Amino acid sequence: MSSIPMEYYLILSAFMFTVGVAGVLIRRNAIVVFMCIELMLNSANLTLVTFSSYLGNSIGQVFVFFVMTVAAAEAAVGLAIIIAIFRNKKSVNIDEINIFKW
Amino acid sequence: MINYIYLTTLLPLLGFVINGLFGRKIKNERIVGIIGSATVGLSFLVVLGAFIQTLGLPVEERSNTVNLFTWLSVGGLHIQFAYLVDQLSLTMSLIVTGVGFLIHVYSIGYMHGDKGIWRFFAYLNLFIFAMMNLVLGDNFVVLFLGWEGVGLCSYLLIGFWYDRKFEKGTTSQAAKKAFVVNRIGDFGFLLGMFLIYMTFDSLNFKEVFARAQAFPVAESTFGLIALFLFIGATGKSAQIPLFVWLPDAMAGPTPVSALIHAATMVTAGVYMVSRTSILFASAPAIMTVVAVVGALTALMAATIGLVQNDIKKVLAYSTVSQLGYMFLAAGVGAFSASIFHVMTHAFFKALLFLGAGSVIHGMHDEQNIQKYGGLKKYMPKTYATFFIAALAISGVPGLAGFFSKDEILWNAYSNGGFVFWLIGAVTALMTAFYMFRLVSLTFYGHERFDHHHVHPHESPSVMTVPLMILAFLSVVGGYIGLPKVFAGEHGNLFENWLEPIYAPAQEKLAMYSSSTHLEEILLMSISVALALYGIYFALHVYRKNPKIADNFANRFKSMYNLLLNKYFVDEVYEAAVVQPIQKGSEKVLWKFTDAKLIDGTVNGAATIVDKISGVIRKVQTGVAQSYALIMVAGIALVLLWLILSL
């Protein structure tokens, strides 16, 4: 374990996060956007675990459990919203869902 | 009884509360009337007790203060709610409660059958409460409480029949006019009070008057104080230039005119001037103003009274005229003569109004004296009492009016000057004339009313008994103030009684009279002769030869119209004051300041926000991803800044 340097984990985590951000910003399919959010959450999880391991402190790992719990709950609510929107609009294309304005 | 003097205000207040809250529920109007009258009657007994007790005290102990509670205490200002029981306030209290009680009793008959009778008695009691505070108050603030209270009651009672027509408008308009005109005077009074507090650091009568003698105060300050107070008095007591409300106040029920607009409230100004005599005496210039205004008002109102055809209007102008006499007396330093006239005037003018009310009552609300005539045989009691009152106000020797009027005229001559006397004497002539014109047209001559619709009848005894009592007082009321020329130096009981109140002022004025008894008797004879001639002439013209009056009216048509239209004072005020204020309010304050400036500013601010938001709102596309993009960009910028600043 100690053979793999910490930077590798962090770089991987940063890469995953960037992919997630890019996905959220540029993809049009709500499901994909949703998956990208999960990707960002998990990249954050990876960072937390990494630091926890290197610093010998278990708080980071505890945090990861919280994040996973919240992510699971969020997934349930998020998917429910997407289904509801799909039933209304027959579409999950985010460009068509622009009711967030005055 | 002096210590129980608070009962005199408490009882009418109680009557007001009972009738005001439960009067509507009391089905029997007699009970309402009895509650209203009894509270005032009991007050009168309390005042009488206090009066008798005070009479028994040595002269220097006759001024007592009854402290009730601390009303206001702010910083250095401490106002006690206290009553000052002294010769002057007792005199006024006796008039207010005594005449007030008789008028209350009379009202039981006059207001019989009116569905608002409980309201009427509640207001009347409230009036007595306020008026008693006015005359008993031991400082300017309590006086002002009463001052405003009587103004309010006057307003309420003038507009009592708020659904009736009055002349060109409604009674509520007349009530409003009275209130607004009074406010102008009140404003002057308030300014006077402020100035008194600034100058003497107190509003308590005794303190202020003591300091007015002790402090080195400039005469101009005294002048301003006196002038402001006098402006207040002209409003309340209907003097030039603020007299215009009193004739319109006749829109109220007749007992109201008798109580408020003849006997008591309108004399409040005289009382106030008399109470603050030392302040006026310290400002000789303003004393002259008071005398001149009083004399001019007396003359002007009397001339208008000559030609009016509404029975109450004649009496209203007569009241204005008599009030002018009182101010003339005060202005020449004869304060006790002015209060003396307040008293006798309260008797005979209340009697005249109540008599007029009795006539109106018997004639089914007809008030035009041209439509009366020959009522003597239908209303013998009303006629007899009215006749006595007319004699008294005309100044026929032996009746109350003669003594007070003569004292005023004599003082006007010896302290004021011949011109004042002349104006007073001419006014006395006209007073005698218009009073007997009224008597002739009402009680003598042809019956000019429609016999099919009008059946004149005498009023019930609940109305005529007060008339008789007042008639009795109008006859004997003057004998407590016999002229010195008849009764000797100390024979004038009334003046002796009030003398301590005015001693400081008299000392300041340092009046000395070089006139002789012969002069006094001569002048008295002339004024009596004038009064008798006025009576004779009126009877001659209106009883025997009604044509003479018409001929006169035709020959001096412009003069007649000028008087009939009351010198067009109302029209002048309308054009010079009311219209500019109304137009100014409409054009400048409403259409420009309010609609353009204020609304424009408010709406303009909203419009600017609206326009800016119209541009900014484009940012809100509603696309979640663009929001996310901006958020990410923001985070990136924050991160960049953090990294660079490390």
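With 21 C-beta neighbours inside 10 Å, Lys566(B) counts as buried (a residue is buried if 20 or more other C-beta atoms lie within 10 Å of its own, exposed if 12 or fewer, and partly exposed in between, with C-beta atoms placed from the backbone). The model is predicted, and local features need pLDDT of at least 70, side-chain atom pairs count only at pLDDT 80 or more, and totals for chains, interfaces and linings use all residues. Residues are numbered from 1 along each chain as its sequence is written, while chains are lettered from A and ligands numbered from 1 in the order in which they are written.

Lys566(B) is placed in the loop between helix H24 (557-564) and helix H25 (569-616) of chain B; helices are DSSP runs (H or I) of at least four residues, numbered from the N terminus. Although Lys566(B) is a residue other than glycine, its phi is positive, near 55°. In chain A, Lys90(A) likewise is not a glycine and has a positive phi of about 55°. Lys90(A) lies in the segment after H3 of chain A and is exposed, with 9 other C-beta atoms within 10 Å. A further backbone feature of chain B is the cis peptide bond from Ile240(B) to Pro241(B), with omega near 5°. Pro241(B) is found in the loop between helix H8 (219-236) and helix H9 (245-248) of chain B.

Chain B is divided into domain 1 (139-564) and domain 2 (571-645), the bounds coming from an automatic or database domain assignment. A distance of 61 Å separates the C-alpha centres of these two domains of chain B.

Helix H22 (residues 517-544) of chain B has 28 residues, which should span 40 Å at 1.5 Å a residue; its end C-alpha atoms are 39 Å apart, in agreement with that value (the expected span is 1.5 Å times one less than the number of residues). Buried residues of H22(B) include Glu520(B), Leu523(B), Met524(B), Gly534(B) and Tyr542(B). Among the elements that cover the buried residues of H22(B) are helix H16 (380-394), helix H17 (400-416) and helix H18 (418-443) of chain B. H18(B) itself is mostly covered, with 22 of its 26 residues buried. From its first C-alpha to its last, H18(B) reaches 37 Å, close to the 38 Å expected at 1.5 Å a residue. Just after H18(B), Gly445(B) adopts a positive phi of about 75°.

The axes of helix H2 (residues 29-55) and helix H4 (residues 117-136) of chain B come within 9 Å and cross at roughly 10°. Axes are lines fitted to C-alpha atoms, for helices over the stretch in contact, and angles run from 0 to 180 degrees between N-to-C directions. H2(B) and H4(B) are therefore roughly parallel to each other (angles under 35 degrees). The contact involves residues including Gly33(B), Gly36(B) and Val40(B) of H2(B), and Trp118(B), Phe121(B) and Leu124(B) of H4(B); two residues are in contact if their C-beta atoms, placed from the backbone, lie within 7 Å. By class, the contact of H2(B) with H4(B) has seven nonpolar, five polar and one charged residues, where Ala, Val, Leu, Ile, Met, Phe, Trp, Tyr, Cys and Pro count as nonpolar, Asp, Glu, Lys and Arg as charged, and the others, Gly among them, as polar.

The contact between the chains takes ten residues from chain A and ten residues from chain B. On the side of chain A that touches chain B, seven residues are nonpolar, one is polar and two are charged. Asn98(A), in the segment after helix H3 (59-89) of chain A, is in contact with Thr621(B), Gly622(B) and Val623(B), leaving aside its neighbours within four places in sequence. Asn98(A) is partly exposed, with 14 other C-beta atoms within 10 Å.

Note on methods
Helices (H or I, at least four residues) and strands (E, at least two) are DSSP runs, numbered from the N terminus. Angles under 35 degrees count as roughly parallel, over 145 as roughly antiparallel, 65 to 115 as roughly perpendicular and the rest as oblique.
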